[in-house]
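Hi everyone, thanks for making time this morning.

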Amino acid sequence: MLLTSSFVLLLSSAVAGAIETQTIQYVTPQGVFTKTTTLPRTKGGVFAATFPNPNPSASSLRWTYPNGVAGPWITQDVSVGNRGTFAWLGQNQNAERVTLVSTTDDQAPALPIWEDVLPNADYVEVAAADKAPVCAVVNRDFPNGLFEVRLYSGFSPVAVASVLVPTQGDVEVAISDDGERIAIGYTDLAGIGSVDVYDTVGGAGLVFVTTIVAAPSAFSAFREHDISADGQVVLLATQNTDQLFDATTGAPIHVDTTTVSVDAHAIDGDGDTFVRGGFDVGVWKKSGGTYNRILNFKDTQNFGFFVASACDVSADGSTFVAAAYDATNLNKMRIDCWSLTPTTAILKWRFVSNGIGSVQDSPQTVSVSDDGKFIAVATWGSGNNAHPEVMLFDRDVGNVPVASIDTPGSPFDCDLSGDGQFLVAGTKAVHANNFGNGGEGYSLDRGAQGFRMFGTTSIGRTFTLEAGGSPGETLLLAASFGLAPTPISSGSFAGTFDLDPGLMFLTPTPIGAFPGSGSIAFSTVVPLAPAAVGVTVHAQAIRTGGFPACDNHVSLPITP
């Protein structure tokens, strides 16, 4: 197709125009450094679902990434980043490494973009920025006393920067949606829960901001933490207290002492809502500068001993989901979905599983999309496989999963992209209660896209763009090196135009009429141009004809 060659030529010639340089001075314990880096101009707004397409994509398992034969790792930690394009995998137990895979990869098994082997690590954790191509990684080597956090870009397997953590042994990391701020949680050498906050200076380094320290007590060791999506508020959970702090100054904002030592805590996009699980679940909403508890719930009718071991809240603060098991009957598992207002929490639905067998159906992770509509839950699974181990729900549909992954072993983690499009999960090859090693990573595509991408946009690799529509409609394609700060509405077209007009290199160009099949697809090889690595192209399909509409955009990060 003519468009294929045109797209490649335009991409090759426009690479230089898509990149700007940024010179940054930052301070480290070793001195002041000046670093010049090239950054693609890709920041944009938050994009809602577009008008429904008459021939949308189906939900599908995009790939499985099994452990290597020589190194039967367990994919113990996962994170989706860069607007749903990157799947970051933390591989543990054997041949420890951080692995980066495109969520849309079409190889069997998946072919990583890159991997960085961490030969002395005993635990690797990943936390990716939802709307940026950076990821914070915990590299822990407990036997040798190394507790390190690294910052990676998706465009290189070499860490951009790293810091050592002064801890007794426990370390975890969280990151803001834009990747500009990370928060490192740990128990300090005095036994007190602490959080170190760093700015990433546009993904180019790590600049220390502040250290947050929990109020000292007999139960103030670190349990868990989170950072608001905007990077302004830190939630620090110790053994019996939840505390909120200003992420810039370290000043305390709120203290709650009703908690218990269960690692299930989350905070919303701007820090106005925080939630926790435990032996009861709680939701706090900010009103007039004060946080008020609007939900206090535990299931005493159906559970002998209620333990909510996983929970999450949507970035917009509208939806809270908690998953729990019964400590007196480990086959019982429940998922509760709550709709939140500034003063109330209303139970929308409950998922009920009463499995049988001798293994624990323990919830591991809940992940909720930014708008609260899509909900991912990972549990260890029951002995009789009473439900898929990884389930995706639509909040407005109810307690029947709209998609799932029935894994052969137990998942340890899952993560959902902010728009709810891609779900990534990491598993052990057998049930968590059974001896064994090895495991897999998975990428599940929710479907329902009018415009979709297959493959990985690494230099020299082939990817495919596919659009759906009604037979006879005309397809137009537009491409830009940036996204609009806010979606652009047009009175004559349904949906929104998402691309930055000032950075467009392909104005809406007619491709052709949709045939009877209702789909048009074409494949393109990414040019072998190393200078293109780090550039992100955003493409959008537009349909004209009976009912003109702008379909969703897809982002194409050019990787090594």
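Let's begin in a loop: Asn385 sits between strand E29 (374–379) and strand E30 (390–394). Before I go on, please keep in mind that this is a predicted model. Asn385 is not a glycine, yet its phi is positive, at about 55°. Is Asn385 buried, partly exposed or exposed? Its relative accessible area is 38%, so Asn385 counts as partly exposed.

There is another residue of this kind to show you. Gln93 is found in the loop that links strand E5 (86–92) with E6. Its phi is near 80°, again a positive value in a residue other than glycine. With a relative accessible area of 45%, Gln93 is partly exposed.

If we follow the chain onward through strand E6 (97–102), the loop between E6 and strand E7 (114–117) holds Pro109. Have a look at the peptide bond there: from Ala108 to Pro109 it is cis, with omega near -5°.

Now to a sheet. What is the strand order here? It runs E16-E17-E18-E19, an open sheet of 4 strands with antiparallel pairing. Strand E16 (222–227) and strand E19 (252–256) are the edges, each pairing on one side only. From one strand to the next, the twist averages 15°. As a reminder, strands of a sheet pair through backbone hydrogen bonds, either parallel or antiparallel.

Let me take that sheet from its two ends. At one end, E16 and strand E17 (residues 233–238) run antiparallel and are joined by 5 bridges. In that pair, Ile227 has Val234 of E17 as its bridge partner. At the other end, strand E18 (residues 242–246) pairs with E19 over 4 bridges, also in the antiparallel sense. There, Asp242 is bridged to Asp256 in E19. E18 and E19 make a hairpin with 5 residues between them, and Gly250 in its turn has a positive phi of about 80°.

Which residues touch the most other members of the largest nonpolar core? They are Phe451, Leu465, Leu475, Leu477, Val537 and Leu556, out of 25 residues in that core. Several strands supply at least two residues each, including strand E35 (451–455), strand E36 (462–468), strand E37 (474–480) and strand E43 (549–557). Zooming in on Leu465, and leaving aside neighbours within four places in sequence, we find it in contact with residues including Phe451, Met453, Ile520, Phe522, Val554 and Leu556. Apart from this core lies another one, of 21 residues, with Ala308, Cys311, Ala324 and Tyr325 among them. In soluble globular proteins, nonpolar side chains tend to be buried together.

Gln540 lies in strand E42. Why does Gln540 count as buried? Because its relative accessibility is 0%, and buried means under 20%.

Notes
Residues are numbered from 1 along each chain as its sequence is written. This is a predicted model: local features need pLDDT of at least 70, side-chain atom pairs count only at pLDDT 80 or more; totals for chains, interfaces and linings use all residues. Side-chain values use heavy atoms; hydrogens and water are left out. Two strands pair if DSSP finds at least two bridges between them. Axes are lines fitted to C-alpha atoms, for helices over the stretch in contact, and angles run from 0 to 180 degrees between N-to-C directions. A nonpolar core is a set of buried Ala, Val, Leu, Ile, Met, Phe, Trp, Tyr and Cys residues joined through side-chain atoms within 4.5 Å. Buried means under 20% relative accessible area, exposed over 50%, partly exposed in between (1.4 Å probe, protein chains only). Contact means heavy atoms within 4.5 Å.
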